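Trainee: I've just opened this one and would like to get my bearings. Could we go through it together?

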Amino acid sequence: MSNTKKRRKVDPADRLLSIVTYVIYTFFTFVCVYPFYYIFINTISSNELSQRGKITFWPKEFHLTNYINVSHIPSLMDAFNVSLRRTIIGTLFTVATSAFLGYMFTRETMWKRKIWYRFVVATMYFNAGIIPWFITMKNLGLYNNFWVYILPTAVSPFYIVLCKTFVESIPKELTDAAEIDGAGTLRTFWSIILPVIKPILATVAIFTAVAQWNSFQDTLLLVTDQKLYTLQFTLYNYINQASSLKSLVNNATNSSSLAASLAHAANATSIRMTVTIVVVFPIILVYPIFQRFFVKGIMIGAVKG
Amino acid sequence: MNKRKARGYREFLLILPFIILVAIFSYYPLYGWVYAFFDYKPPFPLTKETFVGLKWFSYMVDNDIKRKQLGQVLLNTFAVSGLSMLFSWFPMIFAVFLNEIKCKPYRKFVQTATTLPNFISWVLVYSIAYCVFNTTGVVNTVMTDLGIISKPIAFLNSSEHIWFKMWLWLTWKNAGWAAIMYIAAISGIDEELYEAARVDGANRIQLIFHITLPSILPTYFVLLFLNIANFLSNGMEQFFVFQNPFNRQTIEVLDLYVYNLAMGSGGYSLSTAIGILKSVVSIILLCVTNGISKMTRGEGFI
């Protein structure tokens with residue numbers, strides 16, 4: 001390393017390259033970060049100034065009324081619960097099936113193992129299309145049913161392949177030793193495999209959780225019951241229907257004082273922005289912390305795919 | 001031996017519930033393709049519907065108006081996919097020059113910031129677009145203040161440059177993430193190659209053109225082939241959230257058209273028929289590109 005660090009005359013073309021690179025990437029970063037920042041400062045600034053487009057770089061007249069107001073909208077709290085529940089339950093299901101099937105498909109003793117493996121993995125390369133899928137789910141009774149968020153994605157071939165590859169990299173002696181000691185298939189899975197494959201399960205969990213939180217199409221197609229609306233879907237409705245906002249404020253409460261304060265403070269744009277921040281917040285919170293898992297996920301995927 | 005066999009069956013029984021799940025949620029929907037050959041009207045079961053054979057397949061193109069409409073949808077699909085193919089080198093170049101940033105914390109920061117948009121949903125992207133680009137949004141305010149425009153521009157409620165705007169949003173969301181694949185490829189390049197070139201007096205531009213780019217080109221081609229295989233599949237979510245009465249004509253790509261046709265006007269059978277044709281073409285594209293990949297690179301990507 002010391003050799004490369006030795007000072008040499010800087011080529012003017014290299015100097016220019018450095019400057020241009022820094023400028024351009026600072027611009028890209030700004031374009032990606034600023035919209036989030038802009039919306040955030042608008043939610044904590046005076047709604048009246050925000051409405052007139054006066055908040056550009058710094059928050060003015062700080063307040064948290066928007067967040068308090070939003071937390072009083074019952075349908076929004078319901079949607080938050082649905083989103084949270086589907087994210088947690090959905091992630092648990094997908095992680096469990098990926099780990100278990102990833103392990104089971106390495107069991108050479110299994111009857112017709114290869115056929116079943118191909119049966120599952122083949123589903124990565126086709127899908128029936130949105131309308132046949134919609135009709136089938138409806139026929140299966142998954143219309144307006146919470147399980148439509150969980151079951152269709154519970155067995156995910158891609159994550160099974162990831163886990164299987166990982167299990168295959170574990171030294172065979174480890175499982176053999178356990179079996180000589182009399183451990184059965186399930187016992188081996190639980191006490192030998194599961195502790196070892198935790199890193200890959202973290203990757204699977206983080207990807208699934210983000211996908212579940214962001215999912216929109218299943219609600220759009222198969223849910224009309226407001227009690228099952230997700231945050232994403234509710235946000236979409238807020239953006240699109242100004243009228244629904246008015247009725248929301250009216251329905252929020254019948255006690256006149258709160259209704260009045262809501263109607264007073266909450267104009268449509270502020271509510272939209274506030275809800276946007278509420279929906280995006282978990283992602284922004286989670287993403288930088290777990291970035292290495294995301295990157296690992298795409299790498300293993302790239303090697304396999 | 002018998003014991004081994006018994007164990008094999010037991011193991012199969014353990015995965016059977018999951019095999020059934022896959023059969024129900026991935027294979028059984030394929031049966032839904034039969035709706036393309038019936039006159040399906042939702043509340044009634046299939047047994048009460050009339051079999052119409054290939055009626056819907058010819059119905060798509062049996063008069064000028066429908067031909068024109070389908071033509072427009074295909075044009076939109078081709079334009080949107082074509083644009084993203086035309087600029088498919090962008091993530092690669094993004095990665096190459098990102099690698100030229102020698103200050104590591106700053107490079108990490110840029111990488112984190114530019115990959116973040118990939119992890120938010122299209123609904124959120126639309127919501128952000130709405131907040132930033134509506135008539136009182138920051139873009140209009142700043143442009144008005146600087147005197148560039150005299151009255152606000154309705155960026156979202158217009159029919160102009162939709163294909164290009166859709167490409168921009170797609171790039172905003174995906175480019176940073178797509179670059180990660182190339183960054184990995186770059187970090188795998190043998191450092192000695194660079195050393196040797198430096199000794200020969202190469203500057204950084206020369207290093208990029210003679211070492212970095214040639215080394216990651218194979219990765220680019222794999223991704224390009226995958227792109228071609230997905231030419232007809234733009235997904236519907238992006239176009240669904242951005243569609244409005246102003247831009248409907250030029251934003252409706254095939255996936256969105258299929259959705260709108262069924263959910264908007266109840267044409268379940270017709271849209272299933274279109275979906276089937278799309279699937280068939282996609283499978284052919286996948287096989288062809290995989291074949292080309294096998295011929296040119298010696299290996300396929302499936």
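**Finding our way around**

Mentor: Let's start inside chain B of this predicted model.

Trainee: Which residues of α3(B) are buried?

Mentor: To count as buried, a residue needs 20 or more other C-beta atoms within 10 Å of its own. In α3(B), that holds for B:V73, B:N76, B:T77, B:V80, B:S81 and B:S84.

Trainee: And how far does helix α3 of chain B reach from its first C-alpha to its last?

Mentor: The helix covers residues 64-86 of chain B, 23 residues in total. At 1.5 Å a residue you'd expect 33 Å, and the model comes close to that, at 31 Å.

Trainee: What about the two chains: which helix gives the most to the side of chain A that touches chain B?

Mentor: In the contact between the chains, 65 residues of chain A meet 66 residues of chain B. Several helices of chain A each supply at least two residues to that side, among them α5 (74-104) and α16 (268-304). By class, the side has 44 nonpolar, 17 polar and four charged residues. The top contributor, with 14 residues, is α2(A).

Trainee: Where in chain A is confidence lowest, and where is it highest?

Mentor: Chain A has an average pLDDT of 84, with 86% of the residues scoring at least 70. Residues 1-6 of chain A stay under 50 and have zero contacts beyond four places in sequence. As for the helices, the lowest is α15 (residues 256-265) of chain A, at a mean of 46, and the highest, at 95, is α5(A).

Definitions and conventions. Residues numbered from 1 in each chain as written. Chains lettered and ligands numbered in written order. Predicted model: local features only at pLDDT ≥ 70, side-chain atom pairs only at ≥ 80, totals over all residues. Contact = placed C-beta atoms within 7 Å. Helix = DSSP H or I, 4+ residues; strand = E, 2+ residues; numbered from the N terminus. Nonpolar A, V, L, I, M, F, W, Y, C, P; charged D, E, K, R; others polar. Expected span 1.5 Å × (residues − 1). Buried ≥ 20, exposed ≤ 12 C-beta atoms within 10 Å, placed from the backbone. pLDDT = per-residue confidence, 0-100.
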